[in-house]
Amino acid sequence: MYQPLDHIPELLTKRTKKLTIPKNQTILAAETFNEGVYFIVSGKVAVRTYLENGDHIFLKELNQGNCFGEMELFSERRGTYEITALSDVSLLNLPKESVKEWMQADFKLTEYLFEELNDKLIYSSNYIVQQNQGTTYEHLLHYLMRFPENQEIQLKKSELAVTLNTSLRNLNRAFLKGQEAGIFTWENKQLTIIDREKLLFHLEEASR
């Protein structure tokens with residue numbers, strides 16, 4: 001898999017800026033101008049977008065190897081996403097013009113950036129509709145789709161409630177419903193998906 005930071009031209013390394021962002025801090029606010037691309041060296045961030053009524057919804061989690069801010073390479077409009085640190089995050093920021101210069105010299109970087117952008121657009125177009133119309137239970141199932149079956153997942157309900165833009169009370173109800181449906185177990189603050197087919201089935205039923 002192509003990792004852009006392994007291929008950054010030596011000439012451009014002098015233009016990079018290393019950033020360390022503490023957990024829960026907003027890195028990019030929605031509707032602001034962004035002049036660079038952020039490559040995630042370590043940690044994880046949440047991508048959120050805002051609805052017309054002012055509510056914000058979780059779209060996707062980005063981790064080491066992902067980037068954000070690439071949309072502004074192809075558009076002069078203000079960014080529509082809010083990026084928030086879900087953990088302490090180490091970033092490498094490179095100005096837009098430097099990234100464009102790099103893209104001309106490395107076609108694999110161009111492919112990588114288009115894949116990153118396309119991934120976010122897919123979540124934006126499909127997931128927003130589901131988030132806006134769905135319940136906390138449906139939002140939880142969508143979130144769990146990223147994890148494999150029979151793997152213990154360390155979760156903090158308080159943080160997950162913020163990520164899914166819901167109350168802890170509604171999240172507890174969703175957890176109980178998922179356990180009763182035989183989709184996952186919840187023991188000692190660890191969630192384990194025990195039946196991925198049921199998870200998919202419940203998502204399909206919810207979208208009808």
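Some ground rules. The model is predicted, so local features need pLDDT of at least 70 and side-chain atom pairs pLDDT 80 or more, while totals for chains, interfaces and linings use all residues. Residues are numbered from 1 along each chain as its sequence is written, and side-chain values use heavy atoms, with hydrogens and water left out.

Aromatics come up now. Rings of Phe, Tyr and Trp (its six-membered ring) pair if their centres lie within 6.5 Å; planes under 30 degrees apart are stacked, over 60 edge-to-face, the rest tilted. By this rule there are six aromatic pairs. One of them joins Tyr-2 and Tyr-112, a tilted pair with 6.1 Å between centres and 55° between planes. This pair links distant parts of the chain. Tyr-2 sits in the segment before α1 (10–13), Tyr-112 in helix α3 (residues 107–133), and 110 residues separate them. Helices (H or I, at least four residues) and strands (E, at least two) are DSSP runs, numbered from the N terminus.

Are these two tyrosines, Tyr-2 and Tyr-112, buried or exposed? Both are buried. Buried means under 20% relative accessible area, exposed over 50%, partly exposed in between, with a 1.4 Å probe and protein chains only.

Next, Phe-175 and Phe-184. Their ring centres are 5.6 Å apart and the planes make 70°, so this pair is edge-to-face. Lys-157 lies over the face of Phe-175, 4.6 Å from the ring centre. The test here is NZ of Lys or CZ of Arg within 6 Å of the ring centre and within 35 degrees of the ring normal.

On to the sheet. It is open, with three strands in the order β9-β11-β10 and antiparallel pairing. Strands pair if DSSP finds at least two bridges between them. At the edges are β9 (152–154) and β10 (184–187), each pairing on one side only. β9 and β11 (residues 190–193) share three bridges. Within that pairing, Ile-153 has Leu-191 as its bridge partner. Helix α6 (residues 168–180) packs on the sheet and touches β10 and β11, at about 125° to the direction of β10. Contact means heavy atoms within 4.5 Å. Axes are lines fitted to C-alpha atoms, for helices over the stretch in contact, with angles from 0 to 180 degrees between N-to-C directions.

Two loop residues deserve a look. Most residues other than glycine have a negative phi. Asn-150, in the loop between α4 (136–144) and β9, has a positive phi near 60°. Asn-188, in the loop between β10 and β11, has a positive phi near 50°. Asn-150 is exposed at 56% relative accessibility, and Asn-188 is exposed at 73%.

Last, charges. How many salt bridges does a search of the whole structure find? Four. The rule is a side-chain nitrogen of Lys or Arg within 4 Å of a carboxyl oxygen of Asp or Glu. Among them, Arg-15 meets Glu-101 at 3.0 Å, N to O. Arg-15 is in the loop between α1 and β1 (17–21) and Glu-101 in helix α2 (residues 96–105), so the pair ties together parts 86 residues apart in sequence. Lys-23 and Glu-159 meet at 2.5 Å, N to O. That pair also links distant parts, 136 residues apart.
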